[in-house]
Amino acid sequence: KQWYQRRVRAPFNRILEELSGNNYFSSHTCTVLFYNKTQSDIAWKAKEGGKCKVVVKHILSQENGEWDGMRGHVSADHFADKIKDALFLVCGPAGFMDSVKSILNKNEVQPERVIEFKG
């Protein structure tokens with residue numbers, strides 16, 4: 001589990017640091033959706049500060065304990081309000097990536113608005 005956490009933290013930290021230092025994003029909100037099985041699988045949490053407002057949403061698929069957040073697997077409903085104008089940065093296992101790309105494709109998101117991180 002630790003090797004995965006290190007791989008996830010580094011790319012997203014660098015991306016968010018870049019966004020937070022970019023004046024274009026000073027008036028925009030960066031929404032980050034993380035899909036995990038349980039709370040114990042959450043490897044990354046948002047840091048406060050910077051020019052970019054970061055909203056992190058964790059969606060859990062197999063949490064049995066108390067959880068006030070979202071539940072389920074990747075779904076267009078989770079980001080329907082962003083689909084028209086967002087830039088999508090996608091990272092995860094092959095099946096997850098296929099699901100996200102299928103949802104974005106069905107919603108006619110242009111390929112230049114989708115950036116894939118492959119590990």
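Where is the place of T38? T38 sits in the loop between β1 and β2 (53-60); helices (H or I, at least four residues) and strands (E, at least two) are DSSP runs, numbered from the N terminus. This is a predicted model, in which local features need pLDDT of at least 70, side-chain atom pairs count only at pLDDT 80 or more, and totals for chains, interfaces and linings use all residues. Residues are numbered from 1 along each chain as its sequence is written, and side-chain values use heavy atoms, with hydrogens and water left out.

F34 is buried, with a relative accessible area of 9%, while L33 counts as partly exposed because its relative accessibility is 23%; buried means under 20% relative accessible area, exposed over 50%, and partly exposed in between (1.4 Å probe, protein chains only). K57 is a handy landmark here: its C-alpha atom is 4.9 Å from that of L33, 24 residues apart along the chain, and 6.3 Å from that of F34, 23 residues apart. Leaving aside neighbours within four places in sequence, L33 is in contact with K57, I59, H78 and F79.

F79 leads us to the largest nonpolar core, which has 14 residues; V74, F79, I83, F88, V90, L104 and V109 touch the most other members. Such a core is a set of buried Ala, Val, Leu, Ile, Met, Phe, Trp, Tyr and Cys residues joined through side-chain atoms within 4.5 Å. The elements giving two or more residues to this core are β4 (88-91) and α2 (94-106), and α2 gives the most, with four.

Finally, look along β4. β4 pairs with strand β5 (residues 114-117) in the parallel sense over four bridges, pairing being assigned if DSSP finds at least two bridges between two strands. In β5, E116 is the bridge partner of V90.

Methods
Contact = heavy atoms within 4.5 Å.
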